[in-house]
Amino acid sequence: MSQECQGLSPDRRDGAWPLYGAAFMMAVSLSMAWTAMPFVLSTIGGTNADVGYAPAINNLAYMIALLFTGSRLGHVRVKRTTLSAGAVALFASVTMTVAVLLARCRTDQDGVLWIWVLIAAGGVGGATMAFYWPFLMSWVSADYEGVRLNRRLGRYNGAWSSGGTVGPLISGWLVEVHPVLPLLGAAAAVVLSLVLLSFGRDGSTRKTVVSLPPAGIKESVYDRRLLADCRWVSRIALFSACVCYAVVRSQFALVFTSLGYAESQFGLYLTIYALCNFAALTAAGRWARWHFKPGLLVLAQAALLLTLLMTIYGKALGVLFASSVLLGVAYGFTYSSHLYYGASASRKRSARMAIHEIVISLGLTIGSAAGGYLCEHVGLYWPYWFAVGIVVLGMIGQAAIHAGTRARMRLGGPESVTENVDAAKA
């Protein structure tokens with residue numbers, strides 16, 4: 001084993017395992033619910049627009065709530081806050097389940113009321129997650145920098161992304177049995193996440209010894225302006241990836257079944273995406289050689305463009321599965337990149353976590369809402385052409401930002417910083 005890979009196994013004494021477990025179970029819950037949502041809404045009379053509006057409202061509520069929580073992350077106890085958020089998420093999951101049951105039991109009554117109860121409950125659940133994910137990320141990464149920060153975030157990313165792998169596969173199978181079963185499964189997963197969080201201890205992950213890098217690991221040196229460049233290039237890439245994922249998760253479910261494939265096969269499609277996302281997140285957390293190489297993010301943007309073209313023109317199951325592989329790898333790499341660059345050398349790390357989540361929710365909101373509207377009022381494949389436009393504009397923006405940074409670095413001379421905990425004081 002190389003020196004770079006030494007020390008990757010989690011320190012059992014740091015008490016972080018409940019945090020990773022809670023992230024896994026919450027991801028299982030969310031992926032189960034939202035994989036099944038297009039089919040659930042269609043079952044109770046929802047339109048293509050409703051299929052897009054449901055995740056859009058969920059993510060919009062999340063983003064609005066993040067604007068409040070971003071200033072509160074450093075002033076409250078994370079365990080109490082995440083447990084409270086989980087309890088409200090459980091209430092939202094139960095409400096969604098009840099709404100579907102009542103909608104299916106109606107006789108001559110209009111189902112629009114229950115459709116909007118379901119969507120509203122999803123919005124409550126989205127707002128609640130603003131009190132869960134950023135607090136949990138801040139808890140996991142507290143006081144870590146450099147290679148140790150990368151590894152810490154890698155374990156956390158591996159935990160939630162593996163949960164996102166399990167959820168769609170189970171959900172696709174359950175929704176074929178009965179549309180309410182994935183929502184019941186999501187509620188059960190929230191309960192398990194609350195149990196795991198109860199074992200966590202505030203401050204259990206905060207160690208003063210992390211200021212030293214692992215033995216044999218040489219911390220890299222980078223220019224401050226390159227860090228700013230990587231932050232913005234990764235921000236554009238992550239936003240583009242979220243728009244692409246949003247149109248696939250919401251609208252493509254119905255396109256997929258219209259091609260003659262089953263709901264369980266769509267669950268497999270999302271499972272392949274999630275597996276590749278997990279692999280990319282885990283690899284990025286284990287190796288640091290990709291740090292401060294913004295060209296890799298442009299390649300990820302190109303992979304997103306290829307994914308969309310395969311989605312538009314591909315009809316064979318193998319082609320569609322291949323597109324899910326590209327989407328998973330690109331999403332995982334852009335997610336890891338933005339999370340790492342945002343946290344690096346930052347005093348207000350909790351605020352950076354909120355910014356990270358705002359970028360994600362903004363991309364998911366715009367992708368879901370535009371996808372629902374375009375599919376309903378313009379055409380079945382227009383959501384993907386909209387995403388193509390976003391990706392192309394993003395690539396142009398990335399090139400402009402990186403060219404400007406290189407010009408400033410040539411003219412201004414070096415401003416080097418070592419990639420370790422001392423950078424956090426800057």
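The buried residues of helix 4 (buried: under 20% relative accessible area, 1.4 Å probe, protein chains only) are Ile-115, Leu-118, Ile-119, Ala-121, Gly-122, Gly-123, Gly-125, Gly-126, Thr-128 and Met-129. This is a predicted model, in which local features need pLDDT of at least 70 and side-chain atom pairs count only at pLDDT 80 or more, while totals for chains, interfaces and linings use all residues. Residues are numbered from 1 along each chain as its sequence is written, and side-chain values use heavy atoms, with hydrogens and water left out.

Helices here are DSSP runs of H or I with at least four residues, numbered from the N terminus. Helix 4 covers residues 112–129, 18 residues in total. From first C-alpha to last it reaches 26 Å, close to the 26 Å expected at 1.5 Å a residue; the expected span is 1.5 Å times one less than the number of residues. The buried residues of helix 4 pack against helix 1 (17–43), helix 2 (48–69), helix 3 (78–105) and helix 5 (133–141), where contact means heavy atoms within 4.5 Å.

Helix 6 (residues 146–177) contains Thr-165. Thr-165 counts as buried because its relative accessibility is 9%. Its side chain reaches the backbone oxygen of Ser-161 at 3.0 Å. Apart from neighbours within four places in sequence, Thr-165 is in contact with Thr-271, Ala-274, Leu-275 and Phe-278.

Helix 12 (residues 317–343) is mostly covered, with 20 of its 27 residues buried. It reaches 39 Å from its first C-alpha to its last, close to the 39 Å expected at 1.5 Å a residue.

The surface is represented by a nonpolar patch of about 640 Å², made by Leu-309, Tyr-313, Tyr-373, Val-378, Trp-382 and Trp-385. Patch residues have over 30% relative accessible area and no salt bridge, and nonpolar side chains (Val, Leu, Ile, Met, Phe, Trp, Tyr) are joined within 5 Å. Helix 11 (295–313) and helix 14 (382–412) each supply at least two residues of this patch.

Trp-382 is partly exposed at a relative accessible area of 46%, and Trp-385 is partly exposed at 37%; partly exposed lies between the buried limit and the exposed one, which is over 50%. Leaving aside neighbours within four places in sequence, Trp-385 is in contact with Leu-309, Ile-312 and Tyr-313. Trp-385 and Gly-371 are 14 residues apart in sequence and 9.8 Å apart in space, C-alpha to C-alpha.

Key: Polar contact = N/O pair within 3.5 Å; in protein donor to acceptor, adjacent residues only side chain to side chain. Patch = residues over 30% accessible without salt bridge, like charges linked within 9 Å, V, L, I, M, F, W, Y side chains within 5 Å. Areas by Shrake-Rupley, 256 points an atom, 1.4 Å probe, with all protein chains shown as cover. Salt bridge = Lys/Arg side-chain N within 4 Å of Asp/Glu carboxyl O.
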